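Colleague: I would like to learn how to read strands, interfaces and salt bridges in a model. Could we go through them in turn?

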Amino acid sequence: MAAATKSEYDCAVVGGGLLGASIAWGLAKLGQRVVIVDEGDTAIRASRGNFALIWVQSKGLGMPEYAAWTVKSSNAWAGFAGQLRDQTGLDVCFERPGGFHLALSEAELEARASQMNRLHNQPTVVDTGTVMLERTEIAKMLPHIGPDVVGGSYCPIDGHVNSLRLFRALHTGLAQLGATYLPNHAVTDIRHENGVYQLVTANREIHAAKVILAAGNANMHLAPLVGLYAPMLPERGQIIVTERVQPFLKYPVVTVRQTDEGTVMIGDSREERTTPDGMTTPINAVMANRAVRMFPILGSLNVVRSWAAIRVMTQDGFPIYNQSTSHPGAFVTCCHSGVTLAANHALTIAPMIAAGALDEHALAAFSAGRFTRRPDVSQVA
Amino acid sequence: MTTEPELKSDYDVAIVGAGPAGLAAAAVTAGCGLSTVLLDENPGAGGQVYRAIETTPVRDPKILDRDYTDGQDLILDLKDTTAQHVRNAVVWSLAQDGEIGVSIDGRAHMLRAKRTILATGAMERPFPIPGWTLPGVMTAGGAQTLLKASGIVPEGRIVMAGCGPLLWLCAYQLLQAGCNVQAILDTTDPAAQRSSIRHAARFATSPYVTKGVKLMAAVRRKIRVITGVTALAAHGDGQLETVTYSAKLGPVDRMTADHLLLHHGVIPNVNLAMSVGISHTWDDLQLCWTPNVDSFGTTSISGIAIAGDGAGIAGALAAQCRGRLAGIAAVRAIESNATGLPDELTVRRDLTHAMRGRRFLDHLYRPSRAFRIPTGDTIVCRCEEITADQIKATVALGVEGPNQMKSFLRCGMGPCQGRLCGTTVTELIADVRGVSPQDVGYYRLRPPVKPITLAELAGLPQTEDATKAVVRL
Amino acid sequence: MFRRLPDKTAAGVVNFTIDGVRHVGRRGDTVAAVLLLSGARATRVSAVTAEPRAPYCMIGVCFECLVTVDGVGNRQGCLIAVANGMRIETQKTRREVGA
């Protein structure tokens, strides 16, 4: 909890969202002394606004390595969920029944098929088992689809999880492992003296041997402080949540899923915005309209709440993992799919950081050098 | 007042809530010729204090006296104007630019007004005691609503608990109706009593004192009143069977009961106001969030005003006055040459008179900590069944505010959107952290603030920009 | 556990059913009011542990009075006036989608 008496840590993780918490948990499990410095209750907290999908089928068009990275995390997720449950007693309800992307017109179906083709035609891309299905085939698995559904894509290893319980499990696990969590400690400056990182925060100064930037879109202005580069392009998305109903939807659809609690979540929209304020009804109307066309029985459900959130999004949508050459022991981690990649972050990235270095060969594609075509990213910062 | 069914898409003034503030505001704006729509979710005008005033079966003045029936005047004032009163109209969204989302008969409509006056009033302060979710436990205000609207009263053994003028009024009304009120468990805090003394002289000159004193005396003659109650719980298997209590930290006593009516004050119903982004401040005397408004009720968002108890608890008479002031401001903003406005100074004088003695009541009936900050297994969030202990344990994890708390525990995520748990969660977190509720903050609220079906939402106009944001081919 | 005071007004009667049983009410009664008057103690169950619940605030704020009206579930009974032929059903389980 807050106000630890020790001021020295092995690792300071900047950002207590899903990415930061996953990495911190992985580090703490390996015996690292970890502090997480986080913003406060009403900060943007982008990763909290997720759709809770552990999604494979759409990943990697333009970067085949991302598809492989995603599949790796999807395959590691069950084990990750099991470890969390064993440690904290909290079941995050991970399920991997397969998932759908549904098309409501021939144009949508064609666009989807074309996208999937281009994705799978990339040399070296991993096969995720994603297939295009016609309406009749989909109806066998999703009996409630409406007449407007013309077809879609299905991937047998898509899944979802209770992401809020995941947050809770990670933080509970972190507390049990003796990690320190400091809210209201937004970082304003990072200094490096005598091999120690000094984080200047809204509260007190924090000292650690390593610093891991996991502050989402804010990584953009924090990265240069440690000789790194993280170009971000936040976007805003809206979500609708309904009241609880009896289970009826076994498979998540990329824009409609039923949670383990019985509520139905509906998305998704994309606007270029940097704050979640000013949520609009017309966007909700379009999302509701599409959801009801996909599943007409949803029509009578009450909307219990609706919110907008900022998506953490790098400039090209693919993750950034880098360690600094000018500032040894400093790392930057950014991604969009914090839920999907949580297993990798906890079980692959964290061990690399604990050992002192990212496997730059395995993670070469995710270097921010790709934005500038310079392998040493510190030259850009 | 017309009741034409056709809803227009644009009005000069939209008023949400047909209680005393809303009715008074509508009479002013419509009386000056501004196109006015009065949207109310109930079947009839009157809000809570004058509930069902046009249709009540209770005609006995010994039960519902002039303080109730005088509300008819507000409705009569409106009848001669062109104000459009839409019944069963549930407002679920309000945007800063004056766009309102409202559902009527299962259909959603969007309309726009140049000025909006929120008159959504107050609600009972949550009273989280062990067992408060049992069938048989209700608010005293709820019992009054049943009485006024349908002449229905509880039968069997009734126990009332809490503090505040409404508790005494309700007890009196139920007695007059022949109900068996066994006891009043008075939770008035002795510390609060002491702090109210310096305001007592002013209260003595208020419009409430004579009636209040007579009423309490009448109730005390017939009902056993146990004062200094410091603990309270409801028990039963699937329904209320007994109430336990202890007074002045003494031993626990029990009484069998068929009904437990709870009340310890009313607080503004802030969901619509907060969802549009109106700034609020924690009032530590009234122990609730109050919108920041000027002397006309105008909020931090220009074009939106709040009138009545929703702007701060002050009672029905004050609500009328504040409704008129908000109406005056709306008229001046839209039609500076309007005639027929009530005299502002007279309204302000009436308001001052109506507010006399409120400070005394605020102090005297400030609920004690024990009943605002529950412990153990007591349910805080009724919708999601989250307990006080769960919330405390989560603060210990480093969760310092209600929004993170909501993410971790789901408190505030149910259909009531935090109306019955919000103040408790804020106060609990503040208590554990040793900071003020102001520092802790409140749930971030967004539309829809009342349920709307997906089909209704789906039927609203779909703009090109919105479609592009969602359908990304 | 509730009773109606003698009513001298001529408001008119309304016929409806509660869980299939016929009842009579007064024009202007809400669904929540007639449920309480009928002697029902619990009118639904809570969302997480299925505990019995009943109307609490009567003014549309607490959402405890959710019942099924004419086949549509989770409607706030305290905000709906009874109408002739109305079918009111208490909710013993979580709402079924399509209902």
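Modeller: We start with strands: two strands pair if DSSP finds at least two bridges between them. Keep in mind that this is a predicted model. Three bridges join β10(A) to β11(A), residues 206–213, and these strands run antiparallel.

Colleague: Which residue in β11(A) is the bridge partner of Leu199(A)?

Modeller: The partner is Ile206(A).

Colleague: In what sense do β9(A) and β10(A) pair, and over how many bridges?

Modeller: Strand β9(A), residues 187–193, pairs with β10(A), residues 196–201, in the antiparallel sense over six bridges. Within this pairing, Val200(A) in β10(A) stands opposite Asp189(A). The hairpin here has two residues between the strands, and Asn194(A) takes a positive phi near 55°.

Colleague: Now the interfaces. How is the size of an interface often given?

Modeller: It is often given as the accessible area lost when the parts come together. For chain A and chain C, about 960 Å² is buried between them, with 52% of it on carbon and sulfur atoms. Of the area that chain A buries against chain C, 54% comes from Arg244(A), Gln246(A) and Ser300(A), more than from any other three residues.

Colleague: How many residues does each chain bring to the contact?

Modeller: Chain A brings twelve residues and chain C eleven. Seven residue pairs are in polar contact across this interface. By class, the chain A side has five nonpolar, four polar and three charged residues.

Colleague: How many salt bridges are counted between chain A and chain C?

Modeller: The count is one. Glu243(A) forms a salt bridge with Arg95(C), and their closest N and O atoms are 2.3 Å apart. Glu243(A) lies in the loop between β12 and β13 of chain A and Arg95(C) in the segment after β8 of chain C, so the pair joins two chains. Both Glu243(A) and Arg95(C) are buried.

Colleague: What does the salt bridge of Arg165(A) and Glu261(A) tie together?

Modeller: The two side chains meet at 3.1 Å, N to O. Arg165(A) lies in helix α5 of chain A and Glu261(A) in the loop between β13 and β14, so the pair ties together parts that are 96 residues apart in sequence.

Colleague: Why does Glu384(B) count as buried?

Modeller: Buried means under 20% relative accessible area. Glu384(B) counts as buried because its relative accessibility is 6%. Its salt-bridge partner is Arg410(B), at 2.8 Å, N to O. Both residues belong to a network of salt bridges that also links Arg165(A), Arg244(A), Asp260(A) and Glu261(A).

Definitions and conventions:
Residues numbered from 1 in each chain as written. Chains lettered and ligands numbered in written order. Predicted model: local features only at pLDDT ≥ 70, side-chain atom pairs only at ≥ 80, totals over all residues. Heavy atoms only, no water. Helix = DSSP H or I, 4+ residues; strand = E, 2+ residues; numbered from the N terminus. Contact = heavy atoms within 4.5 Å. Buried area = accessible area lost by both parts, 1.4 Å probe. Salt bridge = Lys/Arg side-chain N within 4 Å of Asp/Glu carboxyl O. Polar contact = N/O pair within 3.5 Å; in protein donor to acceptor, adjacent residues only side chain to side chain. Nonpolar A, V, L, I, M, F, W, Y, C, P; charged D, E, K, R; others polar. Buried < 20%, exposed > 50% of the residue type's maximum accessible area, 1.4 Å probe, protein only.
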